[in-house]
Amino acid sequence: MEHCIGCVMTKQEQVKAIFIEEAGEIIEKLDVDILRFEENPEDFDLLNEIFRGVHTLKGNANAFGFTRLGEFVHHFEDVLDYYRSTHDTISQDQLGLFVDSVDIITEVMTCELDALPDLPHGYEGCLEKIKALIASKKDAPSPAMIETVAEALPDLASEFTFSCEERMDREIAKTIELLQTQQTEGTTLYKVELTLDKDCYKRGFDHLLFLTLLGEKAVSMESFFDMETIEPLERFACDENGIKKVVTLLLTPQGIEEVRENFEFLFDHEYAITPIDVMVADAAAANDDAAVADQTAEEPAAPVVEKREIPDRRQSDRRGGSDTPSVTASKSTIRIDTFKLDELFDSVGELVIAQNFIAQNDKIRVIEDESISRAIETLSKITKRIQDRVMSLRMVAIRDTFDKMKRVVRDTSKKTLKELHLNVQGEETEIDKTMIDSLSDPLIHIIRNAIDHGLEANADERIAVGKNAEGNITLRAYHKSGSIVISVSDDGRGINKEKVLQKAVQRGVVSGDENLTDSQLFSLIMQPGFSTVDAISDLSGRGVGLDVVKTSIEKLRGKIEIESKEGEGTTFSMVLPLTLAIIDGMLVQAAGEIYIIPTLSVVESFRPEREIVHALKEKGEFVSMRGQHIPVIRLSDVFNLPTKRIEPWEGILVCVETEAGRIAIMVDELVGRQQVVIKPLGKALAKLKEISGGAILGSGDIALILNVDELRPLIEASRGGN
Amino acid sequence: MQFDGDVLTIEPEMSMEEIRAFEQFVRPRLEYIETIEIEEALPVRSSALISLLVSLKRTRPEVSIPFIEKGSTTSEGYGTLHWMCHD
């Protein structure tokens, strides 16, 4: 949820904001799960999970008046419900319809949020297909029914067709009706669901403990224990909760907040309280008693119960999220505004600075007292621990982003008619949350590019060069030298270096005389407007993609590396810093001032031999390295620092990689390498392109962080454009 | 807890520790137990006991556990409890 400074949200707006956030999460999960299900259409546990997500979405959508979304998910839910209960075979076409339905849900959600009058294209068509599908299934007897009819007496069929959960729903519906007859003015009927974690007994909690607490003020109370998941003795442990769910119908004079107080020590996902609206129920019952009776027989009464429920925002029935892998479900989580995290991070940054100040303060260091030294050391350790832990709060696994990419791969594969296999590695790799949000678009483009242009045009072309008919795309995330690398590899044609060079010369990007390394040559394809593709597809090849990708990654203070071998494939690697809030920097000194060069850009640093330094009139100084002439840029010149002019071989050159090629930054000395907390610059300094931020050093001094990409153009301008 | 011939009688008000001890006791002896009875004068105190009894029944359906078989119990403290088992 975005932080709204100066805005005061009403309760209703807050609840709506929570709904929107949760609905977004459910839809994202649906998108991923539906693809997983498409890969494995016999995984009915997964189908159940998808159903629960859709069910939750339906309830919430209707509660907030998003009727178009509500209607669509209502019918989609019917279809899912049919398949999850019957385990009927799902055809490829039907799977395709499921995937399309999730797309429509995403689009309708946008329409609802933006209050757009028009429904998305395809809404009606998709809805009709869903309705037709469910109608065709309702007309035909379900496989489960056929089996039951064959094996049991007809009057027992309905009894055995229902699962434990369905029988429970029927009983609950009946009990609701019964309790409503007992309801008097001033009492409310609640449905309380307890889904306690496996370790609840060890935490001192027990279902009966909560039921006893509820019972203290209850007028009437009935509870239903779903014991379907209780294992036989060989897999059973009595101190681990195996009860799937306990539903309590509670008639009480208490308000919802009082009821909720009983569960204040439970995690949010372990309980849900839903008031049951009598008026709606009565009206529904009065309007169509016969219909309700029929429905009860046909569909275990669940629809009747749903009509009466008013979702409680905190109960949120977050089964869509909490029913994900069991490991995740047992973790306790708390939702925090990222703005608060940023504030906390800033405060910790200040703490680190203050701690460094104490540790490096000369006046303190001269005190030869062991207890003070020990206290400073302890402070340092604790500060580091706090810093690491706060840092970890911003880190999230890249799994979700990778999951989204599976959809991109699927769709691109279908569009390009290329059979391929996606390998995903390192999904657990954690990355700064802020960066995750900006990574999707570049990643989508690189993946599409890899499938569209990286892989051979068709299976025949692959077979002809001795490869498998199916192409391979590998998505990988890993740590490397303090950075995070996200790479996309294909086992396709590889980049044709000659073609790239030819195109670059044609476009005047290079003269053709340069002795370019492979890396430099490949990086040419990231230049604006550069494309070696003859035909433009709707996926990539417009020549506007990769440069945008490059810019996006550079905004994240990262860089793109390309490796390719003709005939074997290409790998695009996005090398990113661990976080946007801290930078690994090389501290250098020039004219008495300390500057920070991002370590990610540094190639090497050295004191040059006199022989390799050259100076040309009006073209400035150069250093010759391995056949390359690299311009030397004096930091004192960049910032007009008053200093005694020394020769390059008397100073230190730090060679850095920039957008415009390598440059050697001349400094007086190297101070060290350290992680620094980035502080934004004030308005006055923000205009200086050659500086990207500031940092407070342990000494309390401020050091500026260099934006190395802006240094070369600056010097070239001062040398008359050469 | 009393074991009289084939009938094991337990008290419902078991603590978690007692349930654990009961589990340890009953595991190796389940084959020989015909009936598990519960003195219903007092209410069950922990859902872990109900789970254990369901698990016992699931492991050896022949064992008679009237408390579980009747599917519900009522107490003044927590009203009526129903349990739904798949089998």
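**Close-up views of a predicted two-chain model**

**View 1. Helices α16 and α18 of chain A pack side by side.** Leu341(A), Leu344(A), Phe345(A), Val348(A), Leu351(A), Val352(A), Gln355(A), Ile358(A) and Ala359(A) of α16(A) meet Ile376(A), Leu379(A), Ser380(A), Thr383(A), Ile386(A), Gln387(A), Val390(A) and Leu393(A) of α18(A). Contact here means C-beta atoms, placed from the backbone, within 7 Å. By class, this contact holds 13 nonpolar, four polar and no charged residues. Nonpolar covers Ala, Val, Leu, Ile, Met, Phe, Trp, Tyr, Cys and Pro; charged covers Asp, Glu, Lys and Arg; the others, Gly among them, are polar. Helix α16(A) spans residues 338–360 and α18(A) residues 370–393; their axes lie 10 Å apart at an angle of about 160°. Axes are lines fitted to C-alpha atoms, for helices over the stretch in contact, with angles from 0 to 180 degrees between N-to-C directions. α16(A) is therefore roughly antiparallel to α18(A) (an angle over 145 degrees).

The model is predicted: local features need pLDDT of at least 70 and side-chain atom pairs 80 or more, while totals for chains, interfaces and linings use all residues. Residues count from 1 along each chain as its sequence is written, and chains are lettered from A and ligands numbered from 1 in the order written.

**View 2. Chain B meets chain A.** The contact draws 29 residues from chain B and 30 residues from chain A. On chain B, α1 (16–26), α2 (47–59) and β5 (79–84) each supply at least two residues. The largest share, ten residues, comes from α2(B). Helices (H or I, at least four residues) and strands (E, at least two) are DSSP runs numbered from the N terminus.

**View 3. A strand pair spans the two chains.** Strand β2 of chain A (residues 220–226) and β5(B) pair in the parallel sense over five bridges. Pairing requires at least two DSSP bridges between the strands. Asp226(A) stands opposite Met84(B).

**View 4. Six strands of chain A form an open sheet.** The order is β14-β18-β19-β17-β16-β15, with mixed pairing. β14 (602–606) and β15 (613–616) are the edge strands, each pairing on one side only. Four bridges join β14(A) to the antiparallel β18(A), residues 652–658. One partner pair is Ser605(A) with Val654(A).

View 5. Mean pLDDT (the predictor's confidence in each residue, from 0 to 100) is 87 for chain B, and 98% of its residues reach 70 or more.

Key
Two residues are in contact if their C-beta atoms, placed from the backbone, lie within 7 Å. Angles under 35 degrees count as roughly parallel, over 145 as roughly antiparallel, 65 to 115 as roughly perpendicular and the rest as oblique.
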